[in-house]
Number of protein chains: 4
Amino acid sequence: MKNTFGNSIALTLFGESHGEMIGAVIDGLAPGLDIDEDFIRAQLDKRRPAGKISTARHEADEFSIVSGAFNGKTTGTPLTILIPNTSQHSKDYAATRSLARPGHADYTAYKKYHGFEDYRGGGHFSGRVTAALVAAGAILIQALVKKGIAIGTHIRSCAGIEDAGFGDLSADIARLNTLGFAVLDTEKGEQMRKAIEAAAAEGDSVGGVLETVVTGLPAGVGEPWFDTVEGVLSHALFSVPAVKGVEFGDAFGMVNGRGSEYNDSFYIFEKEIKTTTNHNGGINGGITNGMPILFRCAVKPTPSIFKEQATVDFIKGENASLSLKGRHDPAIIHRACVVVDSVTALVLADLLAQRYGTDCLASLS
Amino acid sequence: MKNTFGNSIALTLFGESHGEMIGAVIDGLAPGLDIDEDFIRAQLDKRRPAGKISTARHEADEFSIVSGAFNGKTTGTPLTILIPNTSQHSKDYAATRSLARPGHADYTAYKKYHGFEDYRGGGHFSGRVTAALVAAGAILIQALVKKGIAIGTHIRSCAGIEDAGFGDLSADIARLNTLGFAVLDTEKGEQMRKAIEAAAAEGDSVGGVLETVVTGLPAGVGEPWFDTVEGVLSHALFSVPAVKGVEFGDAFGMVNGRGSEYNDSFYIFEKEIKTTTNHNGGINGGITNGMPILFRCAVKPTPSIFKEQATVDFIKGENASLSLKGRHDPAIIHRACVVVDSVTALVLADLLAQRYGTDCLASLS
Amino acid sequence: MKNTFGNSIALTLFGESHGEMIGAVIDGLAPGLDIDEDFIRAQLDKRRPAGKISTARHEADEFSIVSGAFNGKTTGTPLTILIPNTSQHSKDYAATRSLARPGHADYTAYKKYHGFEDYRGGGHFSGRVTAALVAAGAILIQALVKKGIAIGTHIRSCAGIEDAGFGDLSADIARLNTLGFAVLDTEKGEQMRKAIEAAAAEGDSVGGVLETVVTGLPAGVGEPWFDTVEGVLSHALFSVPAVKGVEFGDAFGMVNGRGSEYNDSFYIFEKEIKTTTNHNGGINGGITNGMPILFRCAVKPTPSIFKEQATVDFIKGENASLSLKGRHDPAIIHRACVVVDSVTALVLADLLAQRYGTDCLASLS
Amino acid sequence: MKNTFGNSIALTLFGESHGEMIGAVIDGLAPGLDIDEDFIRAQLDKRRPAGKISTARHEADEFSIVSGAFNGKTTGTPLTILIPNTSQHSKDYAATRSLARPGHADYTAYKKYHGFEDYRGGGHFSGRVTAALVAAGAILIQALVKKGIAIGTHIRSCAGIEDAGFGDLSADIARLNTLGFAVLDTEKGEQMRKAIEAAAAEGDSVGGVLETVVTGLPAGVGEPWFDTVEGVLSHALFSVPAVKGVEFGDAFGMVNGRGSEYNDSFYIFEKEIKTTTNHNGGINGGITNGMPILFRCAVKPTPSIFKEQATVDFIKGENASLSLKGRHDPAIIHRACVVVDSVTALVLADLLAQRYGTDCLASLS
């Protein structure tokens, strides 16, 4: 299904970095969900570059919702969000069209689309497209919150600097969702920013790890084979630019341990079934167990760097060197937080709608 | 789509651990593919428990192909493989039906299926179901090999012991595919086996990391959003029992590095475009770049252990303790190699069929 | 998705006319649905040939349910039904393998599967495969009945003889569901049987029209574009062998009329909204309006006839003539009734599960 | 999947009659297809109302393609077409919001969307949405023509007046595709127009039958079960407003005949396999046989009529009467021709892309 994801609730993404606009259609939304344009704007703001640690390209992200909304609420029919591009510098790209930027999709796009791709600024592969995803996700995030389901993501590590771990989840999520640079330990966040600036000063870039927690999901959501919660979430999360790894619970951290250390024991807490630990990230056998969902995404260092790099001219078929010019992010990890939240909201809303029906997120129910 | 995975080529899994049989239907196979029953048997043998490091349950895995095959070749219509269960000890399970085994799906199955689930031996969640997946995958693995595409998986680490890394991929894959305990360094493999036996002696279990490489895929396969190669592969890989993390290329290993270190430079080698390194695991922007695909799966320590564990009786809603009896694996990582290979073959065959059409794997073309 | 149909509830069909068995996997069933083997058997009996008006091939249709069932109820995991073939006369087919039977799929199968198809008795295209569909459908039909939704099909016309129209729907459906030759007017049914026998005596065959009614569906099910109730039902109904046309409500009967004659006026009846007529077959804008669903399927005359026919040898590429031998149906319309009911139950159960969630058909809810 | 249709090539529709705009995203297009804006405009013109036989609402249909196109060709990424609404008279609708127009979706939309639907002018159910479908279809129609595949639809009957049947298909299709009122016999077309005007004069409406032919499709496309060519085409065709029946070949016309009359005999014509007749509409066993595809759609009389009608107020729950005002079509059958062609192109392009791969329609191949 390519650029469409989801079953009961499905999102379709379109647009190119230097085209007229980018956008998303989201189908299967319950009718009667609130559309809070201020909240959408706030979410877009988190994704928008700001300051020395981001690209100099500034887009207003003035979205418009052109279908599926009526009197400030979703109608239940496909909701379309359009976000015009206004700050393209397309001339930057024509001269280097056939020089494959290492770590980017220029060469793979050429092989897939035979040269017909819009190569300007990464075209359809650009992280710019995630603005539409964030706008659509904002509607779902608010709908989930009304059902008691909250999502929060922090920069677990960046450039080797580790943030604090989660503590009081409810408070942590609430605070993270107000931040433009989402860390639990402000001091560590400052160190991360400085590390990003240092890399930027050298024309280089950094990566890191994002950690996401979801509270309030009922037990019993997901499927045993293929449509496991891990499988469906990871499927979508690998579309977040630069994500190259996804792990649930302790995953890579428990591979050297023993079952007796990492089995999460069940116990009764105030008449509810809980686990004493959460090494499995809230999922057993592909299905939610009522504990918080916890996962981490590995974000590779941003591939756009100013240092000279060896590469090829893939049209001429010869070796070449490349020095990127233009506007680039020395780190995208802080901007990716809200994208991860949005993808997570989409996937979970879809799983819930499959399990409990079309209207399960509606304010009417 | 739950227990069915794939678009142009789709696999449906069915069966329970202690039911009459397990099986798979695979639809969308090109007509004319060879069905080599000896190879299927050999693949099933790799998955079957053996010796002190595995469960004492022994199943003959005598499969039969009851549709979609004619004169030793695929017909192109749905191919169904049935594998009877013969060694069930169902009495083992009735008494402990409502005691949630920590790390297992007993409780989540109960929440999802309201108590109607077949709880014996994990029912539909049992790793036993992967036998059908392996049998189906065997047909695709051989079809891919004929098109020059080879898949190999080794135990990258187990119980803290690290295997050697890949060297000559072609030779390594060929050798791994002959092994029941797939490691590149035989000596390390012996140490792993001993570590598994040591854990077993203590009634405990171990986990590890599987590393997979795929050679021969053309550049240009996959999609920019959602149906990225990473996304589709991970979606299916999280169905391999005990897999909790999936990373491509260096992923979690490069999060602390810089773009200048981890961008894979392109160069021309014998008129072909290659990269000097492969930190991205053969995928840029979600699309194959012609380099080997490389990924790793984190396998948690097997949850079935003999040590006494705290848990709950989820029907009575009270705390309880549990000492597993019966037959269990102190490690499944060695048995999971061929499951990962099979899942990988399924996903890649499907991506190729979507890209190049129904017949692209057929021997006729 | 080929041989799999459905979203929340999906059916996969497999098997060939002269293979070892045919079968179906049905995934997404609510847990806790009754499995009434006697009812399944009764439904299969309606499909099974009987007497002079059907083929002489007699299959016991001794099905077994090998997964997804436990203690007489569905578990919620994929339910697999196997039905062995026992009465194959495969020798009948080898000699005429490359002679395309007019009206059949021999030639199209050859073009699609390049000669690897199992050509015996129509292979995977055989109406035999519908036995598995009927067995799976039986479970859904009973689940729907428990929710107040009833399906009935009669032979509206056969060989030019018209049955009576529906009267008291509840009584008519109840009676039709007990009949092997489903007509509302017994006398007309006798005339139809005689017409079939007359055609059989001449080595020829007949067709007809099936008319189906569904009562008890709530208003508000279906989608405005693409997944209209008409669209999804027709998609599946065209898989019933020999069906070449599907119409809802009066369709082809109202094309020459005027809006003022065929708009169904709404009115209040005992506090419920009804329509005075039902020319739209219970569907407005693709969505159920609470009135009975009504549709008709055009069943072409059975293509298997004993009269000599002109055709081609598609391997030699030359003209040929063909006189069918073996066992063939002079009419399949009476056997198709229960197949149409089963397809209808599958589609409606899926639409309901998408709308109201996984458990909506469960006896627990 | 609701408002998205297709597998390898998928179309998503969005928009409401009185919203800001309507549009479509089409994903999976081969890269390098020509985008001929004049042709798109010409197709939209055929759908646009004109003269006394159509609604007085006039929309310019000034579309813009905002993604997926570059240098006049498709890029292979999602192509988005936007068509602003400019001629809404939304005040017409508010007063009668809860009066269900007979034959329309007002009541069913209310039941599905709980009152949150945009009820103005039919909202998302409006035929206006098909403008986006026609614009998207235009690209596919031209791509198919380059591969030798042509589609033509004529008004087979309208208000009881029968058009001539197809003769020389190639010439007939070419001519039909130039007409705004597509009939083969101009004289009959004039009679139809007069009948429409006569109905309009009485505040009433008419329906009819559309007949479509497709030439140039290779044999071997389609699937035996569920994704039959008939099934997939009908699924989409029932989204064309007012279509209530779909038949292939002679369907309802051969139900009273015999197999010996309606089996299409094969023969060799200039080394190609053909059939002497085409009662099966070019499809055997769900798969194309190389003969022209032929199908007919039953179009009910347009439900919007000016005559006073009995109905209900579905919010108050009481009987009411309704006299439509505003702008309405006394017939839509002539406007539906190009919609049917567009739907047909979408379905066939998708089936071909599944069979032969992503690039099969590309001008490069």
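How many salt bridges does the rule find across the interface of chain D and chain A? The rule finds zero there, a salt bridge being a side-chain nitrogen of Lys or Arg within 4 Å of a carboxyl oxygen of Asp or Glu. The model is predicted, so local features need pLDDT of at least 70 and side-chain atom pairs pLDDT 80 or more, while totals for chains, interfaces and linings use all residues. Residues are numbered from 1 along each chain as its sequence is written, chains are lettered from A in the order written, and side-chain values use heavy atoms, without hydrogens and water.

Polar contacts do cross this interface. Ten residue pairs of chain D and chain A make them, both partners at pLDDT 80 or more. Such a contact is a pair of N or O atoms within 3.5 Å; within protein, one must be able to donate a hydrogen and the other to accept it, and residues adjacent in sequence count only if both atoms are side-chain atoms.

The structure holds zero disulfides over all chains, a disulfide being two cysteine sulfur atoms within 2.5 Å. For A:Cys297, the nearest cysteine sulfur belongs to A:Cys337, 9.9 Å away.
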